[in-house]
Structure formats: C-alpha cells, structure tokens
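Thanks for asking me to look this model over. My notes follow as numbered points, with the cut-offs given as each term comes up.

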Amino acid sequence: MMKRLFCILLSLAMLISASFALAEDTADAAAETAEVLSDEPVLLVTVNGDEIWSNDNYLLYTQANYENYAASNGYNTADENLIKAINQQSLYETIGYRLILQKGKELGLDQITDEDKTGFETDAKAQWEEIVSSFISSMGKVTEESSDEDKAAARADAEAQLLSDYGFDEARYVEEYISQASSNTVYSRVTDHLSKDLKVTDEDVQTYFEDLVKDDQETYENDAGAYEFYTQYYGQPSYYMPEGYRGITHILLKVDDDLLNNWKDLSARLEEQAQAETDTPAAEETPAEDAEPTAEPEPTEEPVTEEMVTKAKEAILESVKATVDEIKARLDAGATFDDLIKEYGTDPGMQDDTMRAEGYPVHNDSIRYDPAFKDAAMALEKVGDVSEPVVGSYGVHILHYLRDIPGGAVELTDDMKAEFRETILHEMISEALHSAVDQWMEEAEIVYSEAGEDWKLPVADDDEEDAEETAPAEETSEAPAAVLPAE
C-alpha cells in the first residue's frame with residue numbers, strides 16, 4: 001500500500017480513488033513490500049553512464065502496475081519468485097525508458113519551454129489538491145457541517161501526514177511532477193519521431209478485419225452458445241455470426257403473479273421429482289433383523305403431477321384469453337404485429353424501435369433466452385408466422401418470425417474502420433519503438449551493480465522463444481505505457 005501510494009505521488013498516473021485506505025493497514029502493507037521497496041535506495045545499473053537507482057520514479061511506477069495486475073488476477077504478490085520477476089521486468093523496461101530519454105536529448109527533443117512548465121505546474125497543483133482532499137476524506141474529520149476552522153485543521157493534519165509518512169509537501173510534489181511530466185514529453189516526442197512516416201492503408205484495415213472474422217469464425221461457427229456467452233455476458237465484440245439465427249419479435253402479456261409463480265413452482269418441483277427418481281438406486285437394501293428401528297419419516301409435500309402443471313398453465317392462458325382473442329382479431333383485420341407490440345406488449349426491449357425492426361436474434365442453440373421462448377421461436381416454420389400464446393417465465397408470449405438473420409462476417413462500418421486504423425497504427429508505433437530500443441540496448445553501455453545483478457532480466461535461450469510471459473504492466477492515459485512489455 002505504501003509503495004503504491006508512493007508511486008502515485010511520484011508519477012503522472014494520479015488515479016487516487018483506490019489508494020487512500022491508510023489507517024490501520026499501512027504498517028502491515030509496508031512490511032509486505034519491504035523486499036521490493038527498500039528504505040535505503042541502492043544503485044542498480046548505469047546506462048551510458050546514467051544511473052538508475054531502486055527509487056527511480058519510472059521503476060516504481062512500473063513495479064506498481066505489475067503488482068496491481070498480479071494481485072487483481074489472484075497471484076500471491078508476496079511470492080519471492082513473482083517479486084523477482086516483477087523487479088527484473090520493471091528494471092528492463094526502465095532501462096528502455098531511460099534510453100529513449102537519452103535518444104531524445106541526442107536528437108534535440110528534450111527542450112521544455114517555460115510555457116510547458118507552467119502547464120505542468122498548474123496540473124501538479126490541481127492533482128495535489130485532489131490528493132490532500134482524499135486524505136481529508138479518509139480521515140473522516142470533515143462533514144458538511146464542519147466549520148472553516150475545522151476544515152483548515154483537517155487540511156493541516158492531512159498535509160502533515162503526507163509529509164511525515166511520504167516526505168511530500170506541495171513544493172516537492174510539484175517539483176517531482178514537473179520533472180516526470182518533462183520526461184514523458186520527451187518520451188512522446190521520440191515516439192512521434194520514430195513513427196512520423198508510418199501510414200495505415202485501406203488494405204491494412206481490410207486485412208485486419210478479415211483476420212478478426214477468421215478468428216471468430218473458427219470459434220463460433222458451430223457453437224452459438226459460446227457466441228452468445230462471450231458477446232452477451234462478457235460484452236466481447238464479434239465479427240462473425242453463426243448461421244441459423246432468426247429475428248423474433250413478440251408481444252409479452254403480463255399475468256397475475258400468483259398464477260405465474262404457482263405454475264413456475266409446480267414445474268420446478270415436477271422437474272426435481274423426475275431428477276430424484278433418476279438418482280434413486282434401483283433397489284434399496286433390506287435392513288438387518290437386529291437393526292435399530294428408525295424414526296418415522298418426515299411428512300413430505302404432495303407429489304406434483306403433469307396434470308397439476310398443465311392445469312396451472314391453462315389457468316394462466318385463461319387469464320389472458322380475452323386479450324389474446326382481441327390481438328388475433330386485430331391481426332386478422334390487417335393490423336401490423338409491430339403496432340400491436342407497441343399497444344399490448346410489456347417487454348421493455350420491444351419498446352426500442354431498432355430492436356423491433358431487427359428482432360431478438362434466436363438460434364436453436366441459444367442460451368440467453370427462457371427455454372419456452374426459444375423453443376416457440378424455433379418452432380415457427382416460415383417468416384411471417386405468428387405463434388399461439390406461449391407461457392414462459394415472464395408471462396405469456398405471442399411470437400412473430402420477423403426475418404432470417406444472415407450468418408457470416410458482420411458489415412465493416414466506417415466506425416469500425418476508424419477504430420481498426422487507430423489500433424493498427426498503435427501496433428505499428430509500438431513495433432517501431434520496440435525495434436529502436438532493442439537496437440539502442442545492443443549499442444548501449446549497460447553496467448549492473450552488485451545489487452542490480454539480481455534485477456537483471458535473464459536472456460532466454462534461442463529454443464525458448466515461447467517462454468512464459470510475466471504479467472503485462474497496466475497502461476494509463478497520463479503516463480507512458482510500459483516501454484518493453486514482456487514477450
């Protein structure tokens with residue numbers, strides 16, 4: 001916790017909302033990170049004579065991102081091997097970052113104007129105010145009813161704690177912020193210099209799209225359940241739709257809750273009975289003659305029969321019969337199903353014009369719908385057919401087979417092209433940066449200290465190109481991404 005807050009204070013990634021639960025766990029958290037963050041900084045490596053110490057801002061920032069990623073994915077961040085791997089990867093990326101800054105100076109891209117510094121200072125002071133406010137809030141000493149004197153005292157306490165625990169007052173924070181922001185500006189300029197001639201063509205976009213389609217086709221072509229699971233429940237985009245979907249609209253009629261719940265309860269109990277009969281052994285053991293007499297069995301509920309479930313369903317249908325007959329008469333008289341949805345339907349999804357125009361996509365292997373709805377939708381024979389009323393978990397449905405939905409690749413829209421173009425360009429820039437840094441590392445004079453040897457990233461053998469990756473550092477919009485993510 002201490003180290004994470006320390007990194008936030010030092011870097012541009014001032015995402016402070018999750019970082020100020022300090023009170024009783026600060027000491028324990030500090031002890032847990034003692035192996036990673038030493039109280040006494042040590043020299044780890046020199047890069048072309050430029051020293052990198054264990055308290056380097058970028059190094060701490062990268063370590064924190066790796067640790068947060070590992071923790072959020074269930075890894076034990078106190079594991080010595082994980083800590084060592086994080087240290088090694090973080091230092092490797094910090095060396096790359098330092099080489100980029102050196103190249104910026106060599107190219108004359110390191111000039112920071114007074115106007116730039118003024119902007120950095122304004123941002124730093126605003127960030128400092130957010131940090132102090134968060135500390136005040138975490139202390140719980142200020143309410144809406146607090147006087148100005150109480151608020152001023154709480155602010156003084158917060159600033160004193162920041163200075164005492166982390167060594168920061170506003171002046172030092174602003175100074176560190178400007179320094180880091182200046183470095184990040186040079187980083188961005190070098191990146192722009194390396195990528196200034198990169199262009200994404202229409203052919204690049206088309207190929208990228210076709211690759212996405214191919215990947216999704218391999219995954220979903222024969223598995224509509226997986227298609228719905230990942231696209232509907234996980235929100236993953238898909239660029240291929242399996243064959244066999246049809247667009248279904250429906251009128252959902254609300255029914256009395258007691259009637260509906262009675263039918264659902266009886267149906268569930270009947271299913272449980274059937275399952276219990278399946279699970280019951282074929283023959284029961286005969287108790288031994290000298291066995292102790294058993295207690296009288298607990299009375300059980302009356303067994304549910306198919307007839308009871310059927311009567312419960314018929315009661316639901318009878319309750320909406322007048323409305324169903326009216327809808328049928330309106331359809332026979334020429335009313336459109338779309339108009340009747342708007343007049344009689346109670347499904348909020350069917351109040352959306354686009355959804356009514358396209359219909360719910362239903363497949364024989366769909367997993368996202370009430371089985372009664374799905375089965376009734378797939379029982380319709382041709383486009384334009386309207387079902388008889390169907391009892392489902394939400395009421396009574398009257399379904400309409402609106403259309404067949406074409407399978408295959410989705411339409412490549414202008415918005416998708418713009419998104420892909422940006423993604424491709426980002427990948428091209430990243431590749432150019434990786435290639436340049438690899439070359440600069442080969443040319444650089446990199447000397448590890450005795451302490452830094454433990455932080456030196458092992459070089460994989462030629463036949464170990466598929467070695468296990470370390471967790472990728474999380475990117476933020478304010479600070480540069482990890483220079484050389486593990487590959």
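1. Let's start with Lys 374, which touches Val 362, His 363, Asn 364, Ser 366 and Tyr 369, not counting residues up to four places away in sequence. Contact here means heavy atoms within 4.5 Å. Lys 374 belongs to helix 15 (residues 371–379); helices (H or I, at least four residues) and strands (E, at least two) are DSSP runs, numbered from the N terminus. With a relative accessible area of 15%, Lys 374 is buried. Buried means under 20% relative accessible area, exposed over 50%, and partly exposed in between (1.4 Å probe, protein chains only). A polar atom of the Lys 374 side chain lies 3.1 Å from the backbone oxygen of Asn 364.

2. A word on the ground rules. This is a predicted model, in which local features need pLDDT of at least 70 and side-chain atom pairs count only at pLDDT 80 or more, while totals for chains, interfaces and linings use all residues. Residues are numbered from 1 along each chain as its sequence is written, and side-chain values use heavy atoms, with hydrogens and water left out.

3. For the overall picture, the protein chain has 16 helices and nine strands. Of its 487 residues, 39% count as buried. Among contacts between residues at least 6 apart in sequence, 74% join residues at least 24 apart.

4. Lys 84 sits in helix 4 (residues 80–106) and is partly exposed, at 42% relative accessibility.

5. How do helix 5 (residues 114–139) and helix 6 (residues 148–166) cross? Their axes come within 9 Å and cross at roughly 105 degrees, which makes helix 5 roughly perpendicular to helix 6. The axes are lines fitted to C-alpha atoms, for helices over the stretch in contact, and angles run from 0 to 180 degrees between N-to-C directions. Angles under 35 degrees count as roughly parallel, over 145 as roughly antiparallel, 65 to 115 as roughly perpendicular and the rest as oblique. Residues of helix 5 that meet helix 6 include Trp 128, Phe 135 and Met 139; on the helix 6 side, Arg 155, Leu 162 and Tyr 166 are among them.

6. Aromatic residues deserve a look too, as the structure holds 20 aromatic pairs. In one of them, the rings of Tyr 173 and Tyr 177 have centres 6.2 Å apart and planes at 50 degrees, so the pair is tilted. Rings of Phe, Tyr and Trp (its six-membered ring) pair if their centres lie within 6.5 Å; planes under 30 degrees apart count as stacked, over 60 as edge-to-face and the rest as tilted. Tyr 173 and Tyr 177 are four residues apart in helix 7 (residues 170–195), so about one helical turn separates them. Both tyrosines are buried. Elsewhere, Tyr 58, Tyr 61, Tyr 97 and Tyr 187 form one aromatic cluster.

7. Finally, two loop residues. Val 42, in the loop between helix 2 (26–32) and strand 1 (43–47), is partly exposed at 33% relative accessibility. Leaving aside neighbours within four places in sequence, Val 42 is in contact with Trp 53, Ser 54 and Ala 451. Asn 48 is in the loop between strand 1 and strand 2 (50–53), and its phi is near 55 degrees, a positive value in a residue other than glycine. Most residues other than glycine have a negative phi.

Notes
A polar contact is a pair of N or O atoms within 3.5 Å; within protein, one must be able to donate a hydrogen and the other to accept it, and residues adjacent in sequence count only if both atoms are side-chain atoms.
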